[in-house]
Amino acid sequence: MKHTPILASCLLLITLTGCADDTEIVEKEVVVSNTEVEIVKVPTPVIVEVAQGTNIQLGARPDYLIDDMTTSALKTKLESCKDGPFYRTDFSIGHRGAPMQYPEHTQESYIAAARMGAGIVECDVTFTNDKELVCRHSQCDLHTTTNILAIPELAAKCSVPFTPADPNSGTPATAKCCTSDISLAEFLTLEGKMDGANTNATNVSDYMKGTPSWRTDLYATSGTLMTHKQSIALFKELGVKMTPELKSPQVSMPFNGMTQTQYAQKMLDEYTQMEVPANHVYPQSFNLADVEYWINTNPEFATQSVYLDGRDSNAGFDPNNAATWQPSMAELATDGVKIIAPPIWVLLTIDNDNNIVPSQYAIDAKAAGLNIIAWSLERSGPLNKGGGYYYQSISDVIDNDGDMFTVVDVLAQEVGVMGIFSDWPATVSYYASCNKMPASI
């Protein structure tokens, strides 16, 4: 009897695996005796399927947040996952990329978000003076998110030129530079920087140094700005889904002949032109009319069109009083809205035992059959003082950074959100992988 180690070839396994790059083939020992073949059992399977999207780099921040949590069953569960495996999920959405440490809406920020497990990444969409679509959070934020003021020939085109602060009168420094002030070619000469401005500055150089202390300029030396189409190409390459937000124009519409509906349609057309499946796109707008337009005229995008709900800025808004937010959840659902996306604080409240629980807003949205996306985790600084805007409804029980994971857990398990925007997607990705949420496909 002769023992011969045999390595199964790709040709023999092609009907089972297709010899994909994510298939590992291992040896088995085959015992040959005369004309009979006996397979000797070994503990290792012949074919090991390697999960897609497992090369995720989460870094140290999730561990820091977990270590900062008070003792609880949730902390114990999260601690048990420190060795992974971690993978990409659609539950983790890159808000403007990963702008806690990278300049927002830049190539570098987008790549960082994908590396941290974001299954969906956002390009906020606005337009230049030649009506080309580009990625910026606001049509008029170039003075705080780029180096435009440091380029005299472009700074001269700004809607409001830089005016230094006047220490004597207490007048702050001002400027306003819009994508609609310049052409696409000019836009692409700019470099992204961390969003911020020093309004006490008496010169342009100091004005541009306004990064909040809890962010960093370490990775902000040369942010690469992108057109909407360039972001689509990059996202396809990275293997992530896309959530473009149609930003409200800060110029009168029509603009150079482009109406609001043409603007809304142009954004979707660029996905069609670049052969992106509609189910890989989640178009968003704070303007309900934009969302209704997509639902009524672009049925392939209708199911995933997202109504960004900014009604919390209305006087008297109360997430626990349905009379203060109209239309109702049921009316939105009747009009075809499938996904609603409010800020985090609108979805949460505190019960009589000081537990964080779903708000009436969240309860009504789910009862109406609406899916929910929350925004935006990691957008505030340290939470030891209540967390600011994003946590205002639960500030009385927020006192450390570790509470971020408590918020994520309530949003996931009790509110039942389908995804969470984050300025540092690693945190949401860690939670999603630890709870074995579905991998992004």
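How many of the 441 residues of the protein chain count as buried? The answer is 50%, and keep in mind that this is a predicted model.

**Figure 1. The whole chain, before we zoom in.** Now look at contacts between residues at least 6 apart in sequence: 72% of them join residues at least 24 apart.

Figure 2. A search through the whole structure turns up 14 aromatic pairs. In one of them, the rings of Y102 and Y219 have centres 5.0 Å apart and planes at 15°, so they count as stacked. Y102 sits in the loop between β6 (89-94) and α4 (107-115), while Y219 sits in the loop between α8 (204-207) and β12 (223-224), so this pair ties together parts that are 117 residues apart in sequence. Y219 is partly exposed, at a relative accessible area of 37%. Y102 also pairs with W424: here the ring centres are 6.5 Å apart and the planes are at 10°, so this pair is stacked too. W424 belongs to the loop between β20 (419-422) and α16 (426-434), so its pairing with Y102 links parts that are 322 residues apart in sequence. W424 is buried, with a relative accessible area of 10%.

**Figure 3. Another group of rings.** Which residues form one aromatic cluster here? They are F286, W375, Y389 and Y390.

**Figure 4. Helix α2 meets helix α16.** Helix α2 (residues 61-68) packs against α16 at an angle of about 75°, and their axes are 8 Å apart. That makes the two helices, α2 and α16, roughly perpendicular to each other. To find the contact, look for R61, P62, D63, L65 and I66 on α2, and for A426, T427 and Y430 on α16. Sorted by class, the contact of α2 with α16 has 5 nonpolar, 1 polar and 2 charged residues.

**Figure 5. Helix α15 meets helix α16.** Here the packing angle between helix α15 (residues 403-415) and α16 is about 55°, with the axes 11 Å apart. The helices α15 and α16 are therefore oblique to each other, and α15 passes α16 in a right-handed crossing. On the α15 side you'll find F405, V408, D409, A412 and Q413, which meet T427, Y430 and Y431 of α16. By class, the contact of α15 with α16 has 5 nonpolar, 2 polar and 1 charged residues.

Figure 6. Is T144 buried or exposed? With a relative accessible area of 13%, T144 is buried. Leaving aside residues up to four places away in sequence, T144 touches K193, M194, D195, G196 and A197.

**Figure 7. Two cis peptide bonds.** The bond from G84 to P85 is cis, with omega near 5°, and P85 lies in the loop between α3 (73-79) and β6. The bond from M253 to P254 is cis as well, with omega near 0°. You'll find P254 in the loop between β13 (241-246) and α10 (260-273).

Figure 8. R96 isn't a glycine, yet it has a positive phi of about 60°. R96 lies in the loop between β6 and α4 and counts as buried, at 5% relative accessibility. N354 isn't a glycine either, and its phi is positive at about 65°. N354 is in the loop between β17 (348-350) and β18 (356-358), and at 54% relative accessibility N354 counts as exposed.

Conventions
Residues numbered from 1 in each chain as written. Predicted model: local features only at pLDDT ≥ 70, side-chain atom pairs only at ≥ 80, totals over all residues. Heavy atoms only, no water. Phe/Tyr/Trp six-rings, centres within 6.5 Å; stacked < 30°, edge-to-face > 60°. Helix = DSSP H or I, 4+ residues; strand = E, 2+ residues; numbered from the N terminus. Buried < 20%, exposed > 50% of the residue type's maximum accessible area, 1.4 Å probe, protein only. Contact = heavy atoms within 4.5 Å. Axes fitted to C-alpha atoms, helices over the stretch in contact; angles between N-to-C directions. Parallel < 35°, antiparallel > 145°, perpendicular 65-115°, else oblique. Nonpolar A, V, L, I, M, F, W, Y, C, P; charged D, E, K, R; others polar. Left-handed = near helix turned anticlockwise from the far one by under 90°.
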